[in-house]
Amino acid sequence: MDKKREGNNFNGVGVVFEDHFPAMVEKLGAEGFIDELCKGFELLMDSHNQMITFTSLKNNAAALGFEDDDDDELLRSMLEEGDLDGDGCLNQMEFCVLMLRLSPNLMDHATDILFHDFD
């Protein structure tokens, strides 16, 4: 079910990741999955302003697998990709929307469920 997907872009910076979200939804249910996304947000956010900032993302970069200064461009691109209100940070809603958008397998799975229910 999960497969490696290449070429996801954060403003032109290619990223390779394995999409585990569909399996998580299957195991945890929709509500449990959203709870886990919220926990992820809390781990990455700046505790003072309750937002994910470049600095808070950079401080957690090693845990995300980004350790080089060269990864700064990727971190900035990730913020820009999810920043819907243009404030340069991600609030919880923007983070969750970004995570869902970046899971093509989750969206495919949701479509399969939807069409199965109408068959």
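Entry 1, salt bridges. I looked up K58 and found it in a salt bridge with D72, with the closest N and O atoms 2.5 Å apart. The term means a side-chain nitrogen of Lys or Arg within 4 Å of a carboxyl oxygen of Asp or Glu. This pair links distant parts of the chain: K58 sits in helix 2 (residues 54–59), D72 in helix 4 (residues 72–82), and 14 residues separate them. Helices here are DSSP runs of H or I, at least four residues long, numbered from the N terminus. K58 is partly exposed at 27% relative accessible area. D72 counts as buried at 19%. My cut-offs: buried is under 20% relative accessible area, exposed is over 50%, and partly exposed lies in between (1.4 Å probe, protein chains only).

I note that the model is predicted: local features need pLDDT of at least 70, side-chain atom pairs count only at pLDDT 80 or more, and totals for chains, interfaces and linings use all residues. Residues are numbered from 1 along each chain as its sequence is written, and side-chain values use heavy atoms, with hydrogens and water left out.

Next I checked R101. Its salt bridge partner is E81, and the closest N and O atoms are 2.6 Å apart. Again the pair links distant parts of the chain, R101 in helix 5 (residues 92–101) and E81 in helix 4, 20 residues apart. R101 is partly exposed, at 43% relative accessibility.

I then looked at E36 and K39. Their side chains meet in a salt bridge at 3.2 Å, N to O. Both lie in helix 1 (residues 21–44), and because they are three residues apart there, about one helical turn separates them. E36 is partly exposed at 33% relative accessible area. K39 is partly exposed too, at 47%. The count comes to three salt bridges.

How many disulfides does the whole structure hold? My search finds zero. A disulfide here is a pair of cysteine sulfur atoms within 2.5 Å. For C38, the nearest cysteine sulfur is that of C96, 4.5 Å away. C96 is likewise in no disulfide. Buried or exposed, I asked of C38? C38 is buried, at 19% relative accessible area. C96 is buried as well, at 11%.

UniProt places "domain: EF-hand" at residues 70–105, in an unreviewed entry. Its positions use the numbering here, feature names are shortened, and annotations may be inferred rather than shown by experiment. Over residues 70–105 I read 64% helix and 0% strand. The end C-alpha atoms of that stretch are 29 Å apart.

Note on methods: Helix = DSSP H or I, 4+ residues; strand = E, 2+ residues; numbered from the N terminus.
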